[in-house]
Amino acid sequence: MNLHEFQSKQLFLEYDIPSSLGYTAKSADEARSAAEKIGGEIWVIKAQIHSGGRGKAGGVMMAKTVAEVEKYAQEMLGSVLVTNQTGPEGLPVNMVYIEPGSEIDREIYLSILLDREKEMVSFVVSPSGGMNIEEVAENEPEKIFKISINPATGLMLYQIRQLCSGIDLNKEQCKQFSHILKRMYALFLEKDASLIEVNPLIVKKDGDLMALDAKINIESNALFRQKDLVNLRDPSQEDKTEHEAAQNDLNYVSLDGDIACMVNGAGLAMATMDLIKLHGGKPANFLDVGGGATSERVAFAFKLILSNKNVQAILVNIFGGIVRCDLIAQGIIDAVKETGVSTPVVVRLEGTNVEKGRSLLKESGLKIISASSLTDAAKKAVTVVNQ
């Protein structure tokens, strides 16, 4: 689950991480009021969407008058911002964040994330922070420094010194940087984060360090123990279908293919998508209906995947261990009848009560294509799409 910048900065404040603080606004009038509260001569207006790359896409603007603040806020609010991370569909801007301008001497990149390759939490820093950090990582990898934290020992002082040396901070700045790293590590662990990114962490003209931006991702599987953070979720920034699926305890991820998949079990779902690709097709989604799938859940899953207009075939792959195949078959029949689906449906059933399930499908009178194996199902799904 992603947090907005202003929400991330509120957490930074709780954890004593120095940050630029401002006000949110949902209208041009509110933006003007925010600027007047802040005072000063320069303000920054930031579109609040769950994406990086906002600056290059026009989602971060600097204003020198209150009238300009109002103007930029008006232009951003209600628009759809397309960045290099959102894809061509972009994300809606329903809110902007107004903060005071900062006198910047240097920009540093800083993040903490779960390094799955090393199976440890790692800090990543670079002396070349800002909008072009992706280009730095690609063209000047020697400017990227990383340390991995052993969970038994925690963050060590020698590791902090290594990072300070890599980004060329003086003694006083290293003290501030050390404090920021320790507080970020505590925030990361205590809030079950999967990523905390500050780009840029700035060195101000007076020499102090401050987080000018803030991005926090929370591990979705840990949300049951982060109830306060769940309330910060913004469904408008999420794929509508994925959000609806999550509300109904389904694991769904949208993809760009045309063969919809409905499978029980994450591993089996991955294998199903692999076989579709192997035989020349493109999966339209990942959908795991779970080991305890019911006919009602299957019916809902059908409606969910049919909301994707790109779907030209549906492949149902169910292994009946805990769940009975006859119940799944009845759910498929009910869903096809209820939705009046004309899209070809290929079904592979295996496991408990499989013969009864197959009989139900055959006797239903519906145009459902039965498959004898997973490979057979994948081939048939690809064939009907190509025809």
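Contact here means that heavy atoms lie within 4.5 Å.

## Meeting the model

This is a predicted model, in which local features need pLDDT of at least 70 and side-chain atom pairs count only at pLDDT 80 or more, while totals for chains, interfaces and linings use all residues. Residues are numbered from 1 along each chain as its sequence is written, and side-chain values use heavy atoms, with hydrogens and water left out.

Let's start with the whole protein. It has 13 helices and 18 strands; these are DSSP runs numbered from the N terminus, with helices being H or I of at least four residues and strands E of at least two. Taken along the principal axes, a box of roughly 80 × 50 × 40 Å holds the C-alpha atoms. Of the 387 residues, 49% count as buried (buried is under 20% relative accessible area, exposed is over 50%, and partly exposed is in between, using a 1.4 Å probe and protein chains only). Among contacts with a separation of 6 or more, 68% join residues 24 or more positions apart.

In soluble globular proteins, nonpolar side chains tend to be buried together. A nonpolar core is a set of buried Ala, Val, Leu, Ile, Met, Phe, Trp, Tyr and Cys residues joined through side-chain atoms within 4.5 Å. The largest one here has 41 residues, and Leu 110, Phe 123 and Phe 177 touch the most other members. Helix α6 (residues 171-190) gives this core its largest share, nine residues. Take a look at Phe 123: leaving aside neighbours within four places in sequence, its contacts include Leu 110, Phe 145, Ile 147, Leu 181, Met 184 and Tyr 185.

A second, separate core of 33 residues includes Ala 260, Leu 304, Ile 305 and Val 311. Ala 260 sits in strand β14 (residues 259-263) and counts as buried because its relative accessibility is 0%. Not counting residues up to four places away in sequence, Ala 260 touches Ala 284, Asn 285, Ile 305, Val 311, Ala 313, Ile 314 and Leu 315. From Ala 260 to Met 273, 13 residues apart in sequence, the C-alpha distance is 9.4 Å.

## Helices that pack together

Two packed helices are described by the angle between their axes and the distance between the axes. Axes are lines fitted to C-alpha atoms, for helices over the stretch in contact, and angles run from 0 to 180 degrees between N-to-C directions. Helices α11 (residues 325-339) and α12 (residues 354-363) have axes that come within 7 Å and cross at roughly 20°. The two are therefore roughly parallel to each other (angles under 35 degrees count as roughly parallel, over 145 as roughly antiparallel, 65 to 115 as roughly perpendicular and the rest as oblique). Residues making the contact include Ala 329 and Ile 333 of α11 and Val 354 and Leu 361 of α12.

Now compare another pair. The axes of α2 (residues 28-38) and α3 (residues 66-76) come within 8 Å and cross at roughly 145°. Among the residues in this contact are Ala 31, Arg 32 and Ala 35 of α2, along with Val 69, Glu 70 and Ala 73 of α3.

## The end of the chain

Finally, find Gln 387, in the segment after α13 (374-386). Gln 387 counts as exposed because its relative accessibility is 75%. Its C-alpha atom is separated by 34 Å from that of Asp 249, 138 residues apart along the chain.
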